[in-house]
Amino acid sequence: MKSDPSTSAAPFRGLGGPLRSSEPVRAAPARAPAVDLLEEAADLLVVHLDFRAALETCERAWRSLANHALAEEPAGTSLEVKCSLCVVGIQALAEMDRWQEVLSWVLQYYQVPEKLPPKVLELCILLYSKMQEPGTVLDVVGAWLQEPANQDLPEYGALAEVHVQRVLLPLGRLSEAEELVVGSAAFGEARRLDILQAIDTARQQQEQEHAGSKEAPKPNREASPSSLPFLYKLAQLFRWIRKAASSRLYQLRIRD
C-alpha cells in the first residue's frame, strides 16, 4: 500500500512549529547595530582596557541610533541602550583623565538637561563631586529637578538628596538646599528631618569658619575618577549587557 505523499513527507519546520502552505516564513528579527556596538564598547572597556576605542565605539553606536529608527522593541529598550552607552562613555572619559568633558559629552546626545536619564545624571554628580567641581553640574541638576515630568519618577527623591549632599552643601548653598528639601514631596518625614539636620550642621560649620577666618580647604587634586564608588558596577554592567544582548530583549527590528 502506497503512503500518501501529503502525509508521509516530513513537514517543513520554522520558528514556532511546523509551517503550513498558507503561513509566511518568519525571519528571525535582526539585532540593532547599536546593541552590537554597545556590547563591543563594554568589552573594550572592561576586558581590554582600551578606553579610547570604547569611547569611539559608543559614539559610533549613537550615530547608528540617529540613523536607524528602532521598531517593535520592548518598552524601554531603546532608553536602556542609550543609558548604557552613556555609562560606558563616562567611565572611558574618566579613565583617560578627560572627566571635564563628561557633562558636555552626554548633553550632546540628550540636548537638554531635563531629558537626562536619572542614572546618568547621578553618575555626573558623583564624578564632579569627587573631583571637587560640584559647581559644574549645579545648573544642570537644578533644571532636571524643576522639570515637572521628572518629579514623578521614582528616582527623583534619591537624586534630590544626592544633589543636596554632593552639590549644594559643598558649595555653601544652604538656603537653596533647605528650600528643596522642605518643598519636595519626594522626602519622607524622617528623611527630611535627617537632611535638614545635616544642613543645620553645615550652617554652623560655615559660621564657625567665617568667624575664625579659616582657610578654605584646597581641592584634592590627587583624586582620581577611577576611584569613584559607582564604577565598581561596571563589571556588573558588562555582564548585564552580554546577557541582555543574547536575549529577546535586544532582538530588535530595524526600520530602513
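**Aromatic pairs and cysteines: a guided tour**

Begin with Tyr109, which is partly exposed at a relative accessible area of 21% (buried means under 20% relative accessible area, exposed over 50%, partly exposed in between, with a 1.4 Å probe and protein chains only). The model is predicted, so local features need pLDDT of at least 70 and side-chain atom pairs count only at pLDDT 80 or more, while totals for chains, interfaces and linings use all residues. Residues are numbered from 1 along each chain as its sequence is written, and side-chain values use heavy atoms, with hydrogens and water left out.

Rings of Phe, Tyr and Trp (its six-membered ring) pair if their centres lie within 6.5 Å; planes under 30 degrees apart count as stacked, over 60 as edge-to-face and the rest as tilted. By this rule there are five aromatic pairs. Select Trp62 with Tyr109: this pair is stacked, at 4.4 Å centre to centre and 10° between the planes. Trp62 belongs to helix 3 (residues 51-67) and Tyr109 to helix 5 (residues 102-110), so the pair ties together parts 47 residues apart in sequence. Helices are DSSP runs of H or I with at least four residues, numbered from the N terminus. Trp62 is buried, at 7% relative accessibility.

Finally, turn to the cysteines. The structure holds zero disulfides (pairs of cysteine sulfur atoms within 2.5 Å). The closest cysteine sulfur to that of Cys83 is in Cys86, 6.6 Å away, too far for a bond.

Conventions
Helices (H or I, at least four residues) and strands (E, at least two) are DSSP runs, numbered from the N terminus.
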